[in-house]
Amino acid sequence: MQGHDSQGVRLNDQPVSDREAQEAVGTDTPTAANPPRGGLLRPRGQTGQAELDDELRRDRLLAGLTLIAGLGLIIALPFALKAGSEFFLPLTAALVIAIALVPVLEWLERHRLPSPAAALICVLLFLIAANVALASIVVPAWGWAQILPERIDQIQANISPLIDFYSNLQNFVNKLIRNVASAPPVPETSLAAAQPPRSLFDLFTTSAPSALLEMFFAILIIFFFLSGWTRLRRKAITSRSSFDGAMATARVIQDVVDDTSAYIGTITVINLSLGLIVAGALGAIGMPTPLMWGGIVALLNYIPYLGPIVAAILIAVGGLMTFTDLWWALLPAAVMVGAHLIEANLITPTIVGHRLTINPILILISLSFWGWVWGTPGALLAVPLLIIIQTVVEAAGSPDIAGFLFEHGTLVNDPAREENNVSGSSPYSG
């Protein structure tokens with residue numbers, strides 16, 4: 001044929017090779033030496049769409065692996081926390097207490113105190129508060145526990161009018177009393193030897209070695225966390241690679257400290273006020289050790305919903321052990337319930353406001369979870385931990401699980417992709 005010879009293609013009557021011909025007509029032209037990718041030619045629009053499809057499939061695969069790993073972590077985490085409670089419980093409690101003490105630390109540092117000295121003052125203040133609570137609650141409670149077996153007959157006599165209406169309950173109480181009465185008497189020597197701890201020092205010396213190590217470990221965590229707080233925060237912010245990342249990190253750290261310390265500080269003031277009011281009212285009606293009952297009310301009021309119920313039951317038992325008339329014996333519990341209703345429905349919403357409002361369902365889930373993992377200490381830590389987790393999740397952004405499962409998403413809200421889907425150019429359209 002004209003224009004061809006054994007040397008290849010002729011351009012302008014000059015023989016050229018296949019490579020030179022390809023370079024002359026453009027590198028995108030397919031030849032035998034350079035076939036198109038995929039074996040087929042695609043228009044530019046289809047090529048871009050194919051790349052978007054490949055990218056979306058890759059992102060969905062990574063999102064699926066991330067979701068599976070996250071579910072596995074969520075399932076395994078509570079069992080790990082429960083099995084390692086000797087380590088995780090004092091660590092978590094110490095971190096929560098330390099975060100709550102950060103505003104005090106920063107106030108002391110603003111008055112030109114060095115960080116170690118400010119941290120030591122914060123730890124001493126916490127230990128003093130814990131010692132006062134121990135002395136006002138544990139020591140009198142120990143005395144009530146000692147006289148409880150002697151007051152069972154009085155409790156039964158007080159509640160006998162109510163038991164008459166419930167014969168089944170009467171049989172149950174009689175069986176319980178017979179079991180208590182048939183129990184072997186406790187030797188006097190053991191009663192004399194068992195003395196309640198009257199201070200933190202007594203608690204340290206009378207505790208088991210493991211409990212002693214846990215308390216000492218928690219105190220050290222609080223001190224070193226506070227002493228290195230300023231340096232730790234500065235390093236976390238300055239280590240970001242961008243200004244936006246540094247600002248986001250600073251905002252999250254500040255929000256966690258502000259929200260946690262504001263909740264614990266505000267609730268502590270409210271609970272102490274409630275406890276003092278209940279103690280004054282119980283002292284006015286002749287209830288013994290009113291400060292102990294006020295301390296119990298203040299402590300259990302940290303546990304939403306369940307704590308006040310337990311406090312009312314304990315005060316009702318104390319009233320039945322103290323007074324002989326049924327209605328007078330139930331008056332202390334009624335006083336406590338009335339004070340709590342005023343506090344929970346009027347004072348706390350007014351003081352706390354909407355800034356620290358938390359979904360009640362999340363509170364119940366947190367109480368159930370941490371109470372199951374760590375018991376009563378976990379229930380006391382449930383709300384502060386919920387505030388910390390909720391603050392971090394709101395800053396980091398929650399994964400779009402529904403979008404991944406039902407809308408072919410990738411666990412991340414992508415505004416560009418959503419706009420593309422709305423305009424009808426979704427990678428899965430057609």
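**Close-up views of a predicted model**

**View 1. Annotated spans along the chain.** The unreviewed UniProt entry carries the annotation "transmembrane region" for residues 61-81, 87-105, 117-142, 211-229, 263-287, 299-320 and 326-344; UniProt positions are given in the numbering used here, feature names are shortened, and annotations may be inferred rather than shown by experiment. The model is predicted, with local features needing pLDDT of at least 70 and side-chain atom pairs counting only at pLDDT 80 or more, whereas totals for chains, interfaces and linings use all residues. Residues are numbered from 1 along each chain as its sequence is written, and side-chain values use heavy atoms, with hydrogens and water left out. Residues 211-229 are 95% helix and 0% strand, with the end C-alpha atoms 27 Å apart, while residues 299-320 are 77% helix and 0% strand, with the end C-alpha atoms 22 Å apart. Helices (H or I, at least four residues) and strands (E, at least two) are DSSP runs, numbered from the N terminus.

**View 2. Two loop residues with positive phi.** Thr289, in the loop between helix 11 (243-284) and helix 12 (290-300), is not a glycine and yet has a positive phi of about 45°. Tyr305, in the loop between helix 12 and helix 13 (306-322), likewise is a residue other than glycine with a positive phi, near 70°. Thr289 counts as partly exposed because its relative accessibility is 31%, and Tyr305 is also partly exposed, at 41%; buried means under 20% relative accessible area, exposed over 50%, and partly exposed in between (1.4 Å probe, protein chains only).

**View 3. A nonpolar surface patch.** Leu148, Tyr305, Leu306, Ile309, Ile313, Val317 and Leu364 make a nonpolar surface patch of about 630 Å², to which helix 13 gives the largest share, four residues. Accessible areas come from the Shrake-Rupley method with a 1.4 Å probe, and for residues only the protein chains shown count as cover. Ile309 lies in helix 13 and is partly exposed, with a relative accessible area of 49%.

**View 4. The surroundings of Thr260.** Thr260 belongs to helix 11 and is buried, with a relative accessible area of 1%. The side chain of Thr260 reaches the backbone oxygen of Val256 at 2.8 Å. Leaving aside residues up to four places away in sequence, Thr260 touches Ile99, Ile387 and Ile388, where contact means heavy atoms within 4.5 Å.

Technical notes:
Patch = residues over 30% accessible without salt bridge, like charges linked within 9 Å, V, L, I, M, F, W, Y side chains within 5 Å. Salt bridge = Lys/Arg side-chain N within 4 Å of Asp/Glu carboxyl O. Polar contact = N/O pair within 3.5 Å; in protein donor to acceptor, adjacent residues only side chain to side chain.
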